[in-house]
Amino acid sequence: MSANSPQRPRTRTDVEWIDWVGSADPDEVVACRDDWQDHLRPPLAWALRNRAATLLLTSPRASASMAEAMLAAIDAVDGASGDASVGGDAGGGSAGRSSAGRGPAGRGSAGRGSRARSQRSPSCSDRAQNERASECITVRALAWRTQAEADTYLGRLKEARRSYERASVEAERIGDDKLLGEILVGRIGVLNALGDPSVASLVDEAKLRLERAGHTGYLARLHMNLGSAAFHREDSGTAYREFRAARRIFQQLGTRDATSMSLLVNLGSACTELLRLSEAREVLSEAERFGDEEGLSHLAAHARLDLSFVDRLEGRYREALSLLERAEQDFDAVGATDLKASTQLTRAEIKLELGLASESFSHANEAAKAFEEQEKIVEREHALIVVGRSLVKLGRYSLARDVFESLLDGAVERGWKERIRTCLLDLAHIETASRRPERALERLASPILRSRNIPLSLRGEITLGRAGAQLALGQTGRAQRTLEQMASEIRRLPLRTRSRYFTLSGRIARELGDFATSRRTLDRAVRVSEQIRETIPGVELRAAAFHEDARIHRERVESEIAAVLHRTVSAPSSSGAIQVDGRSGSALASWTRRARARSYRERRARSHLPDDLRRLRAEIGQLSRLREESEFNPNSDTDAAELNERIRRLEARFLREFRRWEARGQATPGSGAGERGLSAALVEEDVGIIEYFLASHTALATVVTAAGTEVHVLPARVEEIVRAVEAFRFQVDSFIGLTHRSLAHPGALRRTADATLRDLFDLLVAPLMPTLRGTSRLRIVPHSVLHHVPFGLLFDGERYLADSFETEVSVSGSPVPLSRRKRRALLTANSTGAPSQVEAEVRGIEGQLGARATVHLSPTVDEFLDGLRRGSVVHLATHGTFRDDNPLFTRLTLGDRSLFVSDLASFRLDTDLLVLSTCDSGRTFGGQGDDLQGLAHAFLSSGVRRLVASLWRVDDRATQHLMESFYRHLFGGSRFDPTSALRRASLEVRESWPHPFLWGAFTVYLD
């Protein structure tokens, strides 16, 4: 017995047992079943049921145990008396929420299930037996009802449906209108949640029973369940009216309990869907406070779940994710599987809005599976909508179309108008994205999308969909008129919808030649996107979100360019480029710098990772190391599938915890890396800086030399540049894939590569050559796909750019200067399980440097990072893996485990030069927003001043020759200059390995 539990009654009166079960420890009540089962008549059954009901919001498992004890007790009583007439069975099952009713059941008149009275007068023994049988039926009805309510709160919806049906059968046998009406209300809620159409036949009966019994309180609960049914059908207007009707009844009765507060949660959800956000926040906050004050964690968690949705609509992602985290912990603690899945689904929706489509797909898919297990069909379909939208973001239009076509068929079959509208709208978006705008307009022309009763948020999405498709078809004026329909309501729409509205309006104005309006409208879109960005917790989430919003900045630059070209009177130069002078040039340069590498700087402000994350990261690294060893060893007995699954689960957990840690940090969104501008006065006399920017269709190049700054509109369209870069990457991949045959026809292979590199030169550099006269070094600041371009290899038909210029790649254009300290080299290599000849490479470099080098083979991650903190020059030869799917897990292989990009999240290094002699170490995931992620940029943001890395998989022998030559020039020259040393080494290697992909893979990177 619990120390706080009252003493079990020593005497055997019914009243004492009733008082005791109302306050005793629930486990003690269950344990004493053999003692109280002999007193299990309706008064005690009601006391047990009411006690179980009070436990629903705090400990539904304890409530379920009490219900099971009640059922076992009544079975024992029946068995002892030999009463075979008591009981009954029914099948079925459904989910929903019912609330605890209080007080003993009224006797009521006999209902349809009552037996006909005998014509003879019953004896006293007959009357006693019949009365006892009726009491047993009442008790059994209460027991099954209690079980149904516990099943519902535990998310066991199939079991809840069966329990409610059994309770209905028993209650109808004794004709108790009040009890049967209460049971029917709970049963209706369960069937509604399951989308069971049979619910309609029960509503009128429930109303009749409750009205006949004068049970007003449960009429309010019936309105709640009808509102929930409408909400599940996505009929938010009807749901709002039903919830308001229920609230009026509770207010008239002066009711303020868990049920009335649950109603506020439902009302808040309906308000949110109708964009009545102030009202939603008010009622949800009241429910949250009540839950916290009364210790009803389940209720408070549900309120927080719905408040997170309000925050999400207002663009308050930091607050939304924090609320979801708290709600998920509470739901997990009480075993509320279905509501925990709801937090997953809401998180998926937020991740989708932030541009994290892969993570959104994963969360939504898991939620859909959980809902399907609980037979929550409506919620499962909601999760599938998010799955489909994630597939659209991932460019998998065919799969997404299949998802929405299936959902549409189901919605038509059920007659769910709101779901039909949602599916039609998403299918229209898919058609537009897959370049079939005429088909999109056909979808959007459906009469069901023209109803006046459509909620504002959905109406806004429909309008944007129509206007976007019309613009894609060249119907610019018509698109403008379509958007004008929602101009007066724009302030009532969510921030994301507003941002899309202003962006589309700006594009339309530009197409119509109204450049002033275009720039002004796009400025508003930028302000909204910045407002959203400031609320996003964590650098990585902001980076992902900006990939989505970068299009706004590109459109803004495009409008500035269009205005310049419209009023320019100067003809293009002989190279085809148009120079932009004066204020217009300064404005363009400023906008391009605002739109690049936003999160690269913010990563510097992060604090050290907590110990639990470091341990988790180390475990992933060890398993990744084991996987790599098994890949290099064909005789390994490692179960690859099981190992990959373990790594996948740990990576998902690390990402979740990593972003929670970031969300708690103090780092604030920063400006673009180059927004402070580049002063020509600070540029060295022989250096030319080229900052590229790819807008929506037009490419810009800002050239800064000691003579001044010039902004050029390149003659090539962005589409041409992207195709050329893709062709180049295809050439690289094909060359690497040929392995030993790659040198079988060196002349033909080189000519093919040179032709591709010639195309890139003509598009990117040739128009700027007159501006670069007098410079011997090019510092390139790439953008978007240009991060994949090896600028030193660009070919003019006779010479490579490396023949004329020393080339380096910079993030900001203004690198941190090298230190003046005496330099020594730390040479490290992972010689176990790594590519061949890495040890030979390090020994060859050691032979060049002699006493100035220290060699450390197979260093651990900690040893390598410690060397970076202490060393001036660090060389690492090992195996590397770039992860396109998640750049945070891009890794290098070291002695004990893998070193991930995420390992560098909080390190502060003081290294002049790091050389990564490994495959793909310079590859970058920049996305449209150019928020750079990769090994090279992770090291640079951690404090490395210069870094040498490769853009593709390198050849071992050519790399060994290159590195030996590089260090000879680096330490043998008059000054320490990695850019010059790498150029000279590359030209030497070219004499033995003339194919550019063999001698030109490595690049010098700077801040």
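Colleague: At roughly what angle do the axes of helix α15 and helix α16 cross?
Modeller: This is a predicted model. Helix α15 covers residues 317-334 and helix α16 covers residues 337-353. Their axes come within 9 Å, and the crossing angle is roughly 160 degrees.

Colleague: Is α15 roughly parallel or roughly antiparallel to α16?
Modeller: The axes cross at roughly 160 degrees. Angles over 145 degrees count as roughly antiparallel. Therefore α15 relative to α16 is roughly antiparallel.

Colleague: Is the crossing of α15 and α16 left-handed or right-handed?
Modeller: Two packed helices are described by the angle between their axes and the distance between the axes. As for handedness, the crossing of α15 and α16 is left-handed.

Colleague: How many residues of the contact of α15 with α16 are charged?
Modeller: On the α15 side, the residues that meet α16 include Glu325, Glu328 and Asp332. Lys340, Arg347 and Glu353 are among those that α16 contributes. Alongside 8 nonpolar and 2 polar residues, the number of charged ones is 6.

Colleague: What volume does the largest cavity have?
Modeller: The structure has 3 cavities of 30 Å³ or more. For the largest of them, the volume is about 210 Å³.

Colleague: Which elements give two or more residues to the lining of the largest cavity?
Modeller: The lining has 19 residues, and those closest to the cavity centre are Gly792, Ala802, Thr807, Leu982 and Phe1002. By class, the lining divides into 10 nonpolar, 6 polar and 3 charged residues. The elements that give two or more residues are β6 (806-810), α38 (978-992) and β15 (1002-1006).

Note on methods
Residues numbered from 1 in each chain as written. Predicted model: local features only at pLDDT ≥ 70, side-chain atom pairs only at ≥ 80, totals over all residues. Heavy atoms only, no water. 1 Å grid on protein atoms, 1.4 Å probe; cavity = no way out; pocket = protein on both sides within 12 Å on 5 of 7 lines; lining within 4 Å. Points joined across faces, edges and corners; volume = space filled by probe spheres on them. Helix = DSSP H or I, 4+ residues; strand = E, 2+ residues; numbered from the N terminus. Nonpolar A, V, L, I, M, F, W, Y, C, P; charged D, E, K, R; others polar. Axes fitted to C-alpha atoms, helices over the stretch in contact; angles between N-to-C directions. Parallel < 35°, antiparallel > 145°, perpendicular 65-115°, else oblique. Left-handed = near helix turned anticlockwise from the far one by under 90°. Contact = heavy atoms within 4.5 Å.
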